[in-house]
Amino acid sequence: MYFLTRVVCSFPLLLIATTFSFAQHDDVLKLWYKNPSGSTWENALPVGNGRLGAMVFGNVAHETIQLNEHTVWSGSPNRNDNPEALASLGEIRQLIFDGNQKQAEQLANKTIITKKSHGQMFQPVGSLHLTFNGHNSFTKYYRELDIKKAVAKTSYTVGDVVYTREVLASFPDRVIVIRLTASRPRSLSFSASYSTPQPKAVIQTSSTKELTIAGTTIDHEGVEGKVRFKGITRIKLEGGTLSSNDTSLVVKDANAATLYISIATNFNNYQDISGNENERASTYMNVAYPKSFERILNAHVKAYQKYFDRVKLDLGGNNAENLPTDERLKKFSSSHDPHFAALYFQYGRYLLISSSQPGGQAANLQGIWNHKIKPPWDSKYTININAEMNYWPAEKTNLAELHEPFLKMVKELSETGQETAKVMYGARGWMAHHNTDIWRATGAIDGAFWGAWASGGGWTSQHLWEHYLYNGDKEFLATVYPVLKGAATFYVDFLIEHPKYHWLVVNPDMSPENAPQAHQGSSLDVGTTMTNQIVFDVFSSTIRAAETLKKDAAFVDTLKQMRKQLAPMHIGQHGQLQEWLEDIDDPNDHHRHVSHLYGLYPSNQISPYHTPELYSAAKTTLLHRGDVSTGWSMGWKVNWWAKLLDGNHAYKLIQNQLSPVGTDREGGGSYNNLFDAHPPFQIDGNFGCTSGIAEMLMQSADGAVSLIPALPDVWPTGSVKGLRARGGFEIVELYWKDAKVTRVVIKSTLGGNLRLRVPNEVRLDNGVALSQAVGKNQNSLFQTEETPAPVISSRANVTPPQLNETLLYDINTQPGKTYTLKAN
């Protein structure tokens with residue numbers, strides 16, 4: 001527990017230089033259980049280092065460590081464009097303009113949807129099995145995942161011997177290491193073997209007593225599998241003997257043992273698979289094997305904590321912390337367990353650190369953990385929401401470096417997507433549809449209902465701009481500007497004038513995966529709200545990037561002129577934000593995708609302070625859709641309610657997400673290992689909820705750094721350290737009590753104006769009141785584009801928002817300086 005100095009909140013805050021200690025329930029940042037996982041994969045505990053992933057089951061007599069490597073995918077370099085699209089584009093557009101969406105969809109299925117691969121699959125390498133004879137009867141069982149150290153641990157007692165296992169995926173050494181110990185000498189005996197669902201894999205032991213697995217991934221949908229992989233397991237003994245047979249290593253009467261697992265492939269990049277998997281796997285093993293477990297552990301923890309320790313969150317605690325994680329999960333929605341929310345927030349950060357590292361592949365639909373040879377949705381990258389959501393926590397929760405794999409993927413998509421734009425749509429620039437994979441395929445897949453969506457490139461490109469807004473690095477901006485410009489250029493060529501409304505619109509278009517009743521079950525339409533919002537953002541960010549870099553003045557003028565002609569948002573007859581240009585929304589539509597609220601989050605086109613009518617319409621839409629939804633959709637809704645400044649409703653969604661899946665309730669939830677349940681498992685919901693909790697505590701996309709903007713009643717007192725805001729600001733420490741800020745320390749890395757929105761009056765340390773903010777924030781990294789006025793139905797009843805009073809101040813900061821505000 002920690003103690004806060006009692007304050008009288010009517011006193012002003014003082015800007016002073018003081019150092020406070022920061023307290024957190026650090027000793028209980030663990031997922032822990034009283035029972036093994038059994039055969040249920042979603043009970044196992046994940047470890048990873050961005051290249052390797054492992055699921056630790058914690059079973060006693062027959063332990064399983066399920067293994068993944070980030071580049072083990074089916075197939076090989078390939079393209080999946082459909083060149084028939086261009087010739088049919090005019091006909092498809094006319095059908096949609098004429099209201100014949102179903103006919104347009106049928107034609108698009110023939111000419112836009114690929115006739116080749118619908119995307120390749122992320123696949124497992126296999127599993128390492130450890131068999132302990134005589135361990136069927138045991139007592140004092142315990143297993144945990146310590147997310148402060150990124151180490152999984154299992155312990156139990158057989159007879160009078162205590163057995164302990166520790167598993168980690170080393171960040172610096174790129175191996176998985178398993179440490180086995182016994183409390184009595186000569187008590188450790190087991191065998192180690194591999195199994196795999198890979199049909200072209202060979203498992204054997206070597207003369208040097210190594211256990212190996214080697215193979216080539218499978219062919220899929222006409223694309224030959226050419227990814228070669230190699231896995232090596234070595235065992236280092238302390239006492240005892242090591243022998244082998246054809247498929248197993250056998251340990252007898254050891255005091256302790258350390259197992260080293262190295263896995264590598266021939267994958268270099270999406271167009272080059274000429275690497276040597278054998279040399280790579282051997283090199284990683286030969287470097288790691290001479291090191292003791294203690295040495296590897298210390299280096300691993302240090303490398304991991306470089307990221308993890310940047311952010312601390314304390315929402316308070318109680319006796320619920322003494323319960324196993326699965327029991328807390330069952331009770332969370334009906335009890336007060338604030339620490340569990342903080343644990344879940346940090347678990348999302350743990351999962352991102354473990355599944356996304358610089359130089360590696362981006363976290364996919366399951367992060368880096370998958371046990372199925374044919375996983376749901378191929379465990380690839382769905383870029384109409386899910387892949388983007390994976391990276392929502394990256395900047396704000398101080399993991400900006402881990403954004404790099406996704407940003408690199410966007411750059412690679414901008415390369416492959418140029419041909420798609422040209423061949424399929426006769427357009428310059430680049431584009432992607434709603435899915436991609438490790439081979440950076442950008443064609444349309446699955447079916448026109450889902451796949452004939454042209455804004456995957458536009459949305460993903462905005463992550464490059466967001467990264468710049470946080471770090472202000474103009475050199476970085478210059479390197480990614482061609483990607484931004486290319487995304488904008490595609491829309492310049494692809495937009496078409498609406499014959500009735502004369503706005504510039506995308507056609508064919510859709511609001512992802514949803515279909516209004518008026519369209520005979522077809523999702524295809526023209527100028528949907530989400531797409532209009534994405535195009536507005538793509539044009540706006542490209543304009544600002546070009547002006548920042550002082551280039552392409554003529555292109556900027558073109559974008560500004562075209563931006564004026566985009567369709568504005570519409571408020572419909574029910575007071576809702578229209579999903580489509582026509583007022584055809586159904587208030588009883590509870591679809592999981594609420595794509596037209598992209599403008600509320602992750603974009604900032606809808607604001608309680610700047611667009612009150614759109615704010616009210618967005619709230620009405622969310623109330624119509626309801627809270628019941630899939631896991632990832634609940635994660636998005638936490639962010640939306642936070643942006644609507646309704647912390648209590650955001651918290652209700654957290655409760656829904658932290659409910660056991662499969663219980664007597666609809667929608668998604670969480671598995672016992674706190675993996676998000678769509679169901680099945682999708683990791684995006686974990687990341688979405690972590691982002692949402694951060695948004696409840698601090699927001700910076702609406703022209704100011706806003707502190708505790710959506711604090712729920714159940715978190716009246718707490719503290720957070722290390723959140724990042726746009727403009728290069730870091731919340732070094734933030735304390736609040738009774739929903740009022742009592743102390744905040746903010747570091748300015750770039751200097752410039754800090755516009756601060758707080759619930760308390762603020763004064764400088766010399767007693768002179770700060771300047772009240774007036775007009776637009778002059779810090780260019782906080783600049784927001786003015787949202788065009790909405791078209792409002794004459795039948796709409798739009799209720800003005802009732803917002804809590806806040807104070808808005810400007811502080812002129814200097815680079816590298818820290819500013820402390822404290823209640824007197």
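**View 1. Helices α1 and α9 packing in the predicted model.** Helix α1 (residues 85-97) meets helix α9 (residues 404-425) at about 60 degrees, and their axes run 6 Å apart. The axes here are lines fitted to C-alpha atoms over the stretch in contact, with angles from 0 to 180 degrees between N-to-C directions. That makes the two helices oblique (under 35 degrees would be roughly parallel, over 145 roughly antiparallel, 65 to 115 roughly perpendicular, and the rest is oblique). On the α1 side the contact uses A85, L86 and L89, and on the α9 side K422, V423, M424 and Y425; contact means heavy atoms within 4.5 Å. Sort these residues and you get six nonpolar, no polar and one charged (Ala, Val, Leu, Ile, Met, Phe, Trp, Tyr, Cys and Pro are nonpolar, Asp, Glu, Lys and Arg charged, the others, Gly among them, polar). Helices (H or I, at least four residues) and strands (E, at least two) are DSSP runs, numbered from the N terminus. This is a predicted model, so local features need pLDDT of at least 70 and side-chain atom pairs pLDDT 80 or more, while totals for chains, interfaces and linings use all residues. Residues are numbered from 1 along each chain as its sequence is written, and side-chain values use heavy atoms, with hydrogens and water left out.

**View 2. The largest nonpolar core.** This core has 226 residues, and L128, F190 and F539 touch the most other members. Helix α12 (residues 474-494) gives the most to it, twelve residues. A core here is a set of buried Ala, Val, Leu, Ile, Met, Phe, Trp, Tyr and Cys residues joined through side-chain atoms within 4.5 Å, where buried means under 20% relative accessible area, exposed over 50%, and partly exposed in between (1.4 Å probe, protein chains only). Leaving aside neighbours within four places in sequence, F539 is in contact with A488, Y491, V492, L495, L559, M562, R563 and L566. Another core lies apart, with 15 residues, including V151, V177, Y260 and Y284.

View 3. The whole structure holds 35 aromatic pairs, meaning Phe, Tyr or Trp rings (for Trp, the six-membered one) with centres within 6.5 Å; planes under 30 degrees apart are stacked, over 60 edge-to-face, the rest tilted. W41 and F675 are a tilted pair, 5.9 Å centre to centre with 45 degrees between the planes. W41 sits in the loop between β2 (30-33) and β3 (45-48), F675 in the loop between β26 (669-670) and β27, so the pair ties together parts 634 residues apart in sequence. The Y304 and Y350 rings are edge-to-face, because their planes stand at 70 degrees, with centres 6.0 Å apart. Y304 is in helix α4 (residues 293-308) and Y350 in helix α6 (residues 338-355), 46 residues apart.

View 4. S595 is in the loop between β25 (570-571) and α15 (612-625), and is buried at 0% relative accessibility. Beyond its neighbours within four places in sequence, S595 is in contact with S511, P512, M530, Q533 and W636. W636 also belongs to a cluster linked by ring pairs, along with W392, W459, Y598, Y601, W632 and W640.

View 5. The peptide bond from N507 to P508 is cis, omega about 5 degrees, and P508 lies in the loop between β22 (504-505) and β23 (509-510). R174, not a glycine, has a positive phi of about 55 degrees.
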